Amino acid sequence: MGKRKSGPFSGQQIASPSNFPTFFLIKRNSTSNETFHTVSPFLVEKAITATVGEVKSTKKLRSGDLLVEVHSRKQSEQIVKLKTFSNIPITVSQHATLNSYKGVITCGELLNVPTEEILKELQGKGVSHVRRISIRRDGQLLNTKHLILTFDSAKLPENIKAGYMRLSVRTYIPNPLRCFKCQRFGHSKPSCRGTLTCARCAEVGHESTDCTRTEKCVNCKGEHTSFSRNCIAWKQEKEIISTKIKKQISYQEARKLVKSQTPTPGNSYVSIAKKNHLHHPSKKIPISLFLNHPIRL
């Protein structure tokens, strides 16, 4: 038997979710599709402060709508009542995804407990949905001891108590969404505007079911299928999603950040060493280059 991780000491506080929405989307009510791109930021700030008080943050999205994060439950209840900014009609709604957070718990004792019962017991702790992670083995779908919990909170608790057990909560990082039609990341088949492409050979016009051609990836052009977990593009997409969730930033911001930290293709240790030697023949190559630029064989 593996060693059981020790829980918090008796009396140690466990973080709990806030249990009220903190992120709100504010749109202009306009027949001509006007946005906040043309509205004075001073007017917006004064309108929010006068009715709600000083909020945690206000950001203008690329769409021209406003994303507002509030401090307290009182502000959360007040902001949804707003109908106008000065003489500008508006609608306020909870943000579709930022007010919840998904975490993973692992507990063998809950393996045979129905998810409905788990949800009922954990609802008082801010849990709004429970899903068990399943794996496919030898053609059968098997339940695991891992559970995905959705918390009605913009922050994830470090621990949660399930009966007499205190369980650590880890951030849930979903796998990249890949379209089964064009094989590209970021959208699903029903919303795809692309061309039917084979997930095995990357050729257009047929499914991968009966394909026997040489494997080629649509996304990175590597010698593997488009659904391979060894794909460089898949790993980078996973890192983008992880960065987005952990830093609570937009997908575009996360993508830019990950791209900036990814070595440019061709910048291997060997190529950098050669370039460095040509310009500075007597200069030693720092060992850090091994860490930042892996050797490509």
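Predicted model: local features only at pLDDT ≥ 70, side-chain atom pairs only at ≥ 80, totals over all residues.
**Entry 1: the whole chain.** I looked up the elements and found seven helices and eleven strands. Of the 297 residues, 33% count as buried. I then checked the contacts with a separation of 6 or more; residues 24 or more positions apart account for 54% of them. The exposed surface comes to about 20000 Å², with 52% supplied by carbon and sulfur atoms.

**Entry 2: the annotated spans.** I went to UniProt next. Its unreviewed entry lists residues 178–194 and 197–213 under "domain: CCHC-type". What secondary structure do residues 197–213 hold? I find 0% helix and 0% strand there, with the end C-alpha atoms 13 Å apart. Residues 178–194 also read 0% helix and 0% strand. The end C-alpha atoms of 178–194 lie 13 Å apart.

**Entry 3: V218.** I picked V218, which sits in the loop between β11 (170–171) and α4 (232–247). Is V218 buried or exposed? Its relative accessible area is 5%, so I log V218 as buried, the cut-off being under 20%. I listed its contacts, leaving out residues up to four places away in sequence. V218 touches C182, Q183, R184, T197, C198, A202 and S226. Of these I followed up Q183, 35 residues from V218 along the chain. The C-alpha atoms of V218 and Q183 are separated by 6.7 Å.

**Entry 4: the five-stranded sheet.** I traced an open sheet of five strands in the order β2-β3-β1-β5-β4, with antiparallel pairing. Which strands stand at the edges? They are β2 (57–60) and β4 (84–85); each has a single partner strand, so one side of each is left without a neighbour in the sheet. Inside the order, I checked β1 (residues 23–28) against β3 (residues 66–69) and found four bridges, antiparallel. F24 has V68 in β3 as its bridge partner.

**Entry 5: the β7 and β8 hairpin.** I counted nine bridges between β7 (residues 127–137) and β8 (residues 140–151), which run antiparallel. V127 stands opposite F151 in β8. I then looked at the turn. Two residues lie between the strands, and D138 takes a positive phi near 55°.

Conventions:
Residues numbered from 1 in each chain as written. Heavy atoms only, no water. Buried < 20%, exposed > 50% of the residue type's maximum accessible area, 1.4 Å probe, protein only. Contact = heavy atoms within 4.5 Å. Areas by Shrake-Rupley, 256 points an atom, 1.4 Å probe, with all protein chains shown as cover. Pairing = 2+ DSSP bridges. UniProt positions renumbered as here; feature names shortened; annotations may be inferred.
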